[in-house]
Amino acid sequence: MKETREDVALDSLDRQLIEGLMIDGRVPLRRLAEVLEVSDQTVVRRYRRMRAAGLVRVVGLPLGRRVGLFESWLRVQCMPDATLAVAEALARRPDIAWVKLGSGGTEIHCMTKARTRKDRDVLLLDKLPRTRRVTGVSAHTILRTFSGGPDRWFGLEALGPEQTAALERPAPPGPPPTDRYTLDDAELAMLSVLGRDGRAGFAELAGASGLSESTARRRLDRLRELGAVYFDVELVPAALGYEAEATLLLTAEPARLAEVGAALGGHPEVPFAAVVTGAANVMAVVVCRDTEALYTYLTERVGAVEGVRQVEVIPTLRSVKRAGMFVEDGRLVDQPPASA
């Protein structure tokens, strides 16, 4: 019988393992075992158990700004009886990475990662406006991210500085490239596998792409060095004791926009922060232990950031899709739920 989220209680070692994977999603588990000073079998068993229970997934993703994806954050207003159906339909689209319900169950938040401008515009100008019971759509282009993507979340604080340093990958030589990288068919095929399992073996990557195992290994190493691909750890915050999740929309003074974004991006409560287009020009995802901790964060941390003029707090009622993974009964799954 498969374990559920409620069957798996995560302890300090599990949290260390998760943070180790956040540092390097493809770190060999035997290396992780050395750093955590436990046996290889313990790390393998813990990881497999958390993954099977749908609590943790390592995923390999293209870096949008590096490979030319058109990334937007959407707010979709619906009639109350249609919100979940529309959210599930959006979640089935491969160009939608995140889907959440908020604002009393009448609003959907989602992140688009369209391959072309035309694909993005068709969704925004044709498909969504024609969807029955959708009452409004607003799109906000992601201008600059300050946390999230290849920047790991620092909220766990489970590893010490020496352990962190032992797991970090060496920085590639020279300044990071800024020109656009075009993924070829073989690389796209590899990413379709890594999007489901970021720790997939090179035999599986080779089979999907038509490359040899050695070529698939070299190609993936090159993509990582070029900053075209990164590895993320997607998890269920509630499994780690974070019961309050919300989206913050902040209006910041233009002269302090970068300062506000950097300040929020440095908060351990914020796994994602970005400057976006629109009247509310900074967006942040916040996870806290409970609503009391969220209140404290807003009043003491956000309230202390200079340049913030206004804040809108939108509690997350339900996650439907996270970093390309579907969510069913609080678990990360490969396929859309049966109701979708």
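# Reading the labels in this model

User: Why is Val137 called partly exposed?

Analyst: Val137 has a relative accessible area of 34%. Buried requires under 20% and exposed requires over 50%. The value of 34% falls in between, so Val137 is partly exposed. Keep in mind that this is a predicted model.

User: Where is Val137, and which residues is Val137 in contact with, leaving aside neighbours within four places in sequence?

Analyst: Val137 belongs to strand β5. Beyond those neighbours, Val137 touches Arg75, Val76, Gln77 and Leu128. Contact here takes heavy atoms within 4.5 Å. Glu300 is another matter: its C-alpha atom is 33 Å from that of Val137, and 163 residues separate the two along the chain.

User: What makes Arg75 and Glu107 a salt bridge?

Analyst: Their closest N and O atoms are 3.0 Å apart. The cut-off is 4 Å, between a side-chain nitrogen of Lys or Arg and a carboxyl oxygen of Asp or Glu. The pair therefore qualifies. Arg75 sits in strand β2 and Glu107 in strand β4, so the bridge ties together parts 32 residues apart in sequence.

User: Are Arg75 and Glu107 buried or exposed, and how do you know?

Analyst: Arg75 has a relative accessible area of 13%, and Glu107 has 5%. Buried means under 20%. Both partners are therefore buried.

User: What makes Asp24 and Arg224 a link between distant parts of the chain?

Analyst: They form a salt bridge, with the closest N and O atoms 3.0 Å apart. Asp24 is in the loop between α1 and α2, Arg224 is in helix α10, and the two are 200 residues apart. With 8% relative accessibility, Asp24 is buried. Arg224, at 17%, is under the 20% limit and therefore also counts as buried.

User: How many salt bridges does the rule give, and which residues form a network?

Analyst: The count is 21 salt bridges.

User: What do you know about the second largest pocket, and which element gives the most to its lining?

Analyst: The second largest pocket holds about 900 Å³. Its lining has 27 residues, and the closest to the centre are Pro150, Arg169, Pro172, Arg224 and Tyr230. Strand β6 gives the most, with 3 residues. By class, the lining has 15 nonpolar, 3 polar and 9 charged residues.

User: What makes the phi of Glu157 and of Asp329 worth a look?

Analyst: Most residues other than glycine have a negative phi. Glu157 has a positive phi of about 50°. Asp329 is also positive, near 55°. Glu157 is in the loop between β5 and α7, and Asp329 is in the loop between β11 and β12. Their relative accessibilities are 61% for Glu157 and 69% for Asp329. Exposed means over 50%, so both are exposed.

Definitions and conventions. Residues numbered from 1 in each chain as written. Predicted model: local features only at pLDDT ≥ 70, side-chain atom pairs only at ≥ 80, totals over all residues. Heavy atoms only, no water. Buried < 20%, exposed > 50% of the residue type's maximum accessible area, 1.4 Å probe, protein only. 1 Å grid on protein atoms, 1.4 Å probe; cavity = no way out; pocket = protein on both sides within 12 Å on 5 of 7 lines; lining within 4 Å. Points joined across faces, edges and corners; volume = space filled by probe spheres on them. Nonpolar A, V, L, I, M, F, W, Y, C, P; charged D, E, K, R; others polar.
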